[in-house]
Amino acid sequence: MTAPAYPHRHLLGIEPLEASHITAVLDTAEALREVLDRPIKKVPALRGKTVVNLFYEASTRTRASFEIAEKVLSADSLSIATSTSSVQKGETLLDTAKNLEAMNPDMIVLRHSASGAAHFLARHCRSAIVNAGDGAHEHPTQALLDALTLRQRKGRLEGLRVAIVGDVLHSRVARSNVWLLTKMGARVILCAPPTLMPPGIETLAPTTYRIDEAVEGADAIMMLRIQQERMTGGYFPTLREYHARFGLTEERVRLAKKDVLILHPGPMNRGVEIASEVADGPYSVILDQVTNGVAVRMAVLYLLLGGAEAA
Amino acid sequence: MTDRLLLKGGRVIDPGRSLDADLDLLLVDGEVAELDTRVAARGAEVIDVSGLVVCPGFIDLHTHLRQPGREDKETIATGTRAAAAGGFTAVCAMPNTEPVNDQAGITRAILEAEYGDLREAGCVAVSDDGRPMASARMMRRALEYAKAFDLTVIDHCEEPTLAQGASMNEGPVATMLGLRGAPGAGEAIMVERDVLLAELTGGKLHIAHASTAASVDAVRRGKARGVRVTAEATPHHLLLTDELVRTSEYDTSTKMNPPLRAEEDRQALIQGLRDGAVDCIATDHAPHTVDDKKVEYDAAAFGIVGLETAVALCLDRLVAAGLISLGRLIELLSTRPAAILGLPGGTLAPGAPADVTVLDLSRRHKVDPARFLSKSRNTPFGGWTLKGAPALTIVGGRVAWGHGR
């Protein structure tokens, strides 16, 4: 018997995955994506499986994306957000998860502000755990959907030059993408003001403080969200200066390859990290990312829950 | 009736007197009475310690007993029993209890509780442990005022604004894990500051749980200038690095303050043990309940228990590993801690307190937290196989703990 294409019980991060596991998810997503174009967008692959989406942080895109993926694959799902759950009453993460587990779900999709929260649940729960973003650690399905988008447009990941620009310090998206792209043979360069560059990140990928250097000759540019509160935290003086020094403008896009792709995990701050003309311009694949997000999450659900019937 | 205990046939090591020989040791009425090649029993209880190492009782300068306030984590009774089981005959209880032990009344209340087997009379030092002193002026005053009573200031060195929100060491590992890190510089800044203040005031400064290369260097330079400064290191900082947070996948028993540092820091601490920049080994025994640890990494309490693992870890990973001699280890655990705080122990000279630790260098065992006498189990060393362990702990001439007893 050959080894399964995706041999893990959970998806906690990209770091522990091998290139072949990543390819398996992307190939599965590619195959399942077609379902989304059908008039009746539903296959019975996960009928009888229960998935709980446990979201401790606000999220529009990721949560909706998981919910749609679950519905398309016919899984039974429910979503719990902090504002409506007993978390407000001071229940611990473990108690909440244990209570949910008593209802025998097959999977818990967790979004949490604490790095390692998904590992914590995986250690103490029976369900398969999917990390939908943990603190500043990882956001594996985001990196997978970014990779799917790049692969569709470029036909490959290997050898691509990818610039990741913005608040790398606080970004789980950046970390997951660095792991994934590096494992797949792409060349990543990170760009941020020194205050938003995490110490020691250069052990994972080359860095620069000059955006022009980062985007020059790039096949793809991934922009990261800048949160307003970073300004008051003393990371940089003003949003105006941030945009002037580190923002992606049309002028800077011209330094990249002619067929460059612009990605952003959302939500965007127009006029801060990215100019509107770029976000809405011809190189932007930001909305493709959203569509691919559903396909990638379908693939993850399918692979982890061992869908019985082919789609 | 007199209390007489004869330890027969052991290898006696007393580094303070450059002694390493096979001798009998007679303890009478809580004091060392006689140490000779052959001592007659004369009615004393005799314990055969042939094949074992007999040394002055180990003293832990850094223990959190949690009483009063958090008796769910530890009490003086359980903490001192754990200490005895770990080969310690005395512990220095840190004052960050609830309420904080900064008044004689509270000290007395703590002491009036069942201090029992391990006797420790009076406060021997003042400390800001767990609540670093941000104000240089306050630290200056503490060092100055303490001089009048010959008290040592035990200093938890941590620049609070740099460590804010941190749950591990700053560096590549924290970056990979997405955890906020405290830079080593935040510790060294305070060590440098307080060494300078000790120099200014002539006060006696003891650096608690030094964890970085720069801290060790600051102490070393201070000593070379004649500053009255000493430093301790913990077994976990000597043996583990922040890499363990990653390989253990956010196991909260790797979370403590100061945090596990980088390999070059660990190496510098070991070098400090060898050249004297680091004076002693202390446990920073910090018991916590399961509830305080079985949570997300960011939310978990800082600290690990250490009393019942420290000696065995040091025997196996420092002495057997050839990094320091057995004599040096005994100095680090007994002679020096006693000297730093001016405690009466730390020697087996006749007339010294009959506090004795007996070691079995050949006993192999596996660290099993379920069998700890401490109330708490929070250790990253569970499952480690170690060679060498305490065999017998004698406090005030009486057996406080013995392996298999």
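**Conventions**

I number residues from 1 along each chain as its sequence is written, with chains lettered from A and ligands numbered from 1 in the order in which they are written. Since the model is predicted, I keep local features at pLDDT of at least 70 and side-chain atom pairs at pLDDT 80 or more, while totals for chains, interfaces and linings use all residues, and side-chain values use heavy atoms, with hydrogens and water left out.

**Entry 1: the interface of chain B and chain A**

I looked up the contacts and found that 18 residues of chain B touch 23 residues of chain A, where contact means heavy atoms within 4.5 Å. I then looked up the area buried between the two chains, which is about 1,600 Å², with carbon and sulfur atoms giving 59% of that area; buried area here is the accessible area (1.4 Å probe) that two parts lose on being put together, summed over both. I noted that B:T175, B:M176 and B:E296 supply 36% of what chain B buries against chain A, more than any other three residues.

The partners are B:R246 and A:E15, whose closest N and O atoms are 2.3 Å apart. Eight residue pairs, both members at pLDDT 80 or more, are in polar contact between chain B and chain A; such a contact is a pair of N or O atoms within 3.5 Å, and within protein one must be able to donate a hydrogen and the other to accept it, residues adjacent in sequence counting only if both atoms are side-chain atoms.

On the side of chain B that touches chain A, helix α5 (residues 172–177) of chain B gives the most, with four residues. I take helices (H or I, at least four residues) and strands (E, at least two) as DSSP runs, numbered from the N terminus. By class, the residues on this side of chain B are seven nonpolar, four polar and seven charged, with Ala, Val, Leu, Ile, Met, Phe, Trp, Tyr, Cys and Pro counted as nonpolar, Asp, Glu, Lys and Arg as charged, and the others, Gly among them, as polar.

**Entry 2: strand pairing**

I count two strands as paired if DSSP finds at least two bridges between them. In chain A I found an open sheet of five strands in the order β7-β6-β5-β8-β9, with parallel pairing. Because β7 (207–208) and β9 (261–263) of chain A each have a single partner strand, they stand at the edges, and one side of each is left without a neighbour in the sheet. Within this chain, β5 (residues 161–165) and β8 (residues 220–223) run parallel and are joined by four bridges, and A:V165 has A:M223 in β8(A) as its bridge partner.

**Entry 3: salt bridges over all chains**

My search of the whole structure gave 35 salt bridges. In one of them, A:R126 pairs with A:E101, the closest N and O atoms being 3.9 Å apart. The two are 25 residues apart, A:R126 in the loop between α4 (117–124) and β4 (128–134) of chain A and A:E101 in helix α3 (residues 93–101) of chain A.

I call a residue buried under 20% relative accessible area, exposed over 50%, and partly exposed in between (1.4 Å probe, protein chains only). A:R126 is exposed at 55%, whereas A:E101 is buried at 3%.

In chain B, B:D24 and B:K8 form a salt bridge with closest N and O atoms 2.7 Å apart, linking strand β2 to strand β1 (residues 4–14) across 16 residues. B:D24 is buried at 4%, and B:K8 is partly exposed at 23%. I also noted B:D14 with B:R17 at 3.2 Å, B:D14 being buried at 0% and B:R17 partly exposed at 37%. Finally, I found B:R70, B:D72, B:K73 and B:D292 linked in a network of salt bridges.

Conventions: A salt bridge is a side-chain nitrogen of Lys or Arg within 4 Å of a carboxyl oxygen of Asp or Glu.
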